[in-house]
Amino acid sequence: MQKFKSNPAKTVLTISMGFLVMYLFAKWDWALQVAVVIGLVGVFSNYLSQKIEWLWMGLGGLLGLFVPKIILTMLFYLFLFPIASLSKLFTKTDSLMLKNQRESTFTDRKKDFEKADFEKIW
């Protein structure tokens, strides 16, 4: 794993541009003001840039703990669970042989193998 190379100027520029884009799309005046303030702090103070970067990386680490769980939970309950439920309701076949209707789960395959079947197995 690569070690994180700190670059406070790029981080502050990225945050500032993010607020600027937020202003352009949402027309929130406060986003423009925050972009200008953070941009000026990044230009004039290396110490404050490092503190802003430290806060930003901390927020990213904290969000990294929760956001994947939220997204995966939403994915499961919005897509996978309804698809599985509908499949179970409307499918009549027992392809996994879960209902014990047979004495064995072994399936006899009547196939004659040829030389080509063993040459390219996959």
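Author: A term comes first: a crossing is left-handed if the near helix is turned anticlockwise from the far one by less than a right angle, and right-handed if clockwise. The model discussed here is predicted.

Reader: In which hand does H1 pass H2?

Author: H1 and H2 pack with their axes 8 Å apart, at an angle of about 160°. From H1, the contact is made by residues including Val12, Ile15 and Phe19, and from H2 by residues including Trp30, Val34 and Ile38. The crossing of H1 past H2 is left-handed.

Reader: How are H1 and H2 oriented to each other, roughly parallel or roughly antiparallel?

Author: Angles over 145 degrees count as roughly antiparallel. The angle between H1 and H2 is about 160°. H1 and H2 are therefore roughly antiparallel.

Reader: Within what arc do the buried residues of H1 fall?

Author: The buried residues of H1 are Pro8, Thr11, Val12, Ile15, Ser16 and Phe19. An α-helix has 3.6 residues a turn, so residues three or four places apart point the same way. Seen down the axis of H1, its buried residues line one face of the helix, because they fall within an arc of 130°.

Reader: Which helices do the buried residues of H1 pack against?

Author: On the other side of H1, Lys10, Leu13, Thr14, Leu24 and Phe25 are exposed. The buried residues of H1 pack against helix H2 (29-44) and helix H3 (46-90).

Technical notes. Residues numbered from 1 in each chain as written. Predicted model: local features only at pLDDT ≥ 70, side-chain atom pairs only at ≥ 80, totals over all residues. Heavy atoms only, no water. Buried < 20%, exposed > 50% of the residue type's maximum accessible area, 1.4 Å probe, protein only. Helix = DSSP H or I, 4+ residues; strand = E, 2+ residues; numbered from the N terminus. Arc of directions from axis to C-beta. Contact = heavy atoms within 4.5 Å. Axes fitted to C-alpha atoms, helices over the stretch in contact; angles between N-to-C directions. Parallel < 35°, antiparallel > 145°, perpendicular 65-115°, else oblique.
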